[in-house]
Amino acid sequence: MSTLVGTPRLVGRVMAATDKPSTADRVSRWAASLAERFEAELVLLQVLMPGEPGITVLGRNQAAHVHLAAEELRRLAHHLAGERGRARIVVSTDPSTAIIDAANTEGADVLVIGNGGMRDRRELLRLSVANRVSHAAECTVVLVDTARTSGVRRRLGKLFGQAA
């Protein structure tokens, strides 16, 4: 996409943020598609919850878990955006604040997040991560419908008498 001479680039950096691997694929692919259209940098962000000191996650200590998650995210970023893709891992007890802070630090023009927790009015009132981020971020926020595919599976499972 070309820009007019002397006109600032509309979108230079797109960040995809997730705190759950179950929504990462749809959010990351949506953000990668947007970044490609604008020839923008893609930053994949994953927020991990801290563990207790000495406690392991899946048999690994927390530092090893963070390192492995970062490597996996780097591979995904490179797969989706080539040299324009990179990854960032943040460990925080507050995913909303971590996502907002990372978007500000990275200078994201667009922040793409899943809408998990916004389907049900009770969840929305509990201030889901997506709701908090969409109201507090200093950049454009795109909410991706991450519940759609799981809802289809659930309806098909009920139709065919299978568990989702």
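Reply: Strands β1 and β2 run parallel and are joined by six bridges. Two strands count as paired if DSSP finds at least two bridges between them. Elements are DSSP runs numbered from the N terminus: helices are H or I with at least four residues, strands are E with at least two. This is a predicted model, in which local features need pLDDT of at least 70 and side-chain atom pairs count only at pLDDT 80 or more, while totals for chains, interfaces and linings use all residues. Residues are numbered from 1 along each chain as its sequence is written, and side-chain values use heavy atoms, with hydrogens and water left out.

Start with β1, residues 13–18. Thr18 has Gln46 as its bridge partner in β2. β1 also pairs with β6, residues 110–114, in parallel through four bridges. There, Val14 is bridged to Val110, and Met15 stands opposite Leu111. Five of the six residues of β1 are buried, where buried means under 20% relative accessible area, exposed over 50%, and partly exposed in between (1.4 Å probe, protein chains only).

Now widen the view to the sheet. Five strands make an open sheet, ordered β5-β2-β1-β6-β7, with parallel pairing. β5 (85–91) and β7 (140–144) each have a single partner strand, so one side of each lacks a neighbour in the sheet. Neighbouring strands are turned by 20° against each other on average, direction ignored. These angles compare axes fitted as lines to C-alpha atoms, for helices over the stretch in contact, and run from 0 to 180 degrees between N-to-C directions.

Which helices lie across these strands? Helix α3 (residues 95–106) lies across β1, β2 (41–48), β5 and β6, at about 155° to β2. Helix α5 (residues 129–136) lies across β6 and β7, at about 165° to β6. The two helices also pack on each other, at an angle of about 35° and with axes 9 Å apart. Pro95, Ser96, Thr97, Ile99 and Ile100 of α3 meet Val129, Arg132, Val133 and Ala136 of α5. Contact here means heavy atoms within 4.5 Å. Six of the residues in this contact are nonpolar, two are polar and one is charged.

Next, the nonpolar packing. A nonpolar core is a set of buried Ala, Val, Leu, Ile, Met, Phe, Trp, Tyr and Cys residues joined through side-chain atoms within 4.5 Å. The largest has 25 residues, and Val14, Leu42, Leu44, Val110 and Val112 touch the most other members. β1, α1 (21–38), β2, α2 (62–81), β5, β6 and β7 each supply at least two of its residues. Another core lies apart from it, with 18 residues, including Ile99, Ala108, Ala130 and Cys139.

Beyond its neighbours within four places in sequence, Leu44 contacts Ala16, Ser28, Leu73, Leu76, Ala77, Leu80, Arg86, Ala87 and Arg88. Ser28 sits in helix α1. It counts as buried because its relative accessibility is 5%. With neighbours within four places set aside, Ser28 contacts Ala16, Leu44, Leu76 and Leu80.

Two other residues deserve a look. Ala81 lies in helix α2 and counts as buried, at 10% relative accessibility. Ala81 and Leu42 are 39 residues apart in sequence, yet 6.6 Å apart in space, C-alpha to C-alpha. Glu39 is in the loop between α1 and β2. Most residues other than glycine have a negative phi. Glu39 is not a glycine, yet has a positive phi of about 50°. Glu39 is partly exposed, with a relative accessible area of 40%.

Finally, the setting. The protein has six helices and seven strands. From the N terminus they run β-α-β-β-β-α-β-α-β-α-α-β-α. Buried residues make up 38% of its 164 residues. Of the contacts with a separation of 6 or more, 73% join residues 24 or more positions apart.

Note on methods
Nonpolar A, V, L, I, M, F, W, Y, C, P; charged D, E, K, R; others polar.
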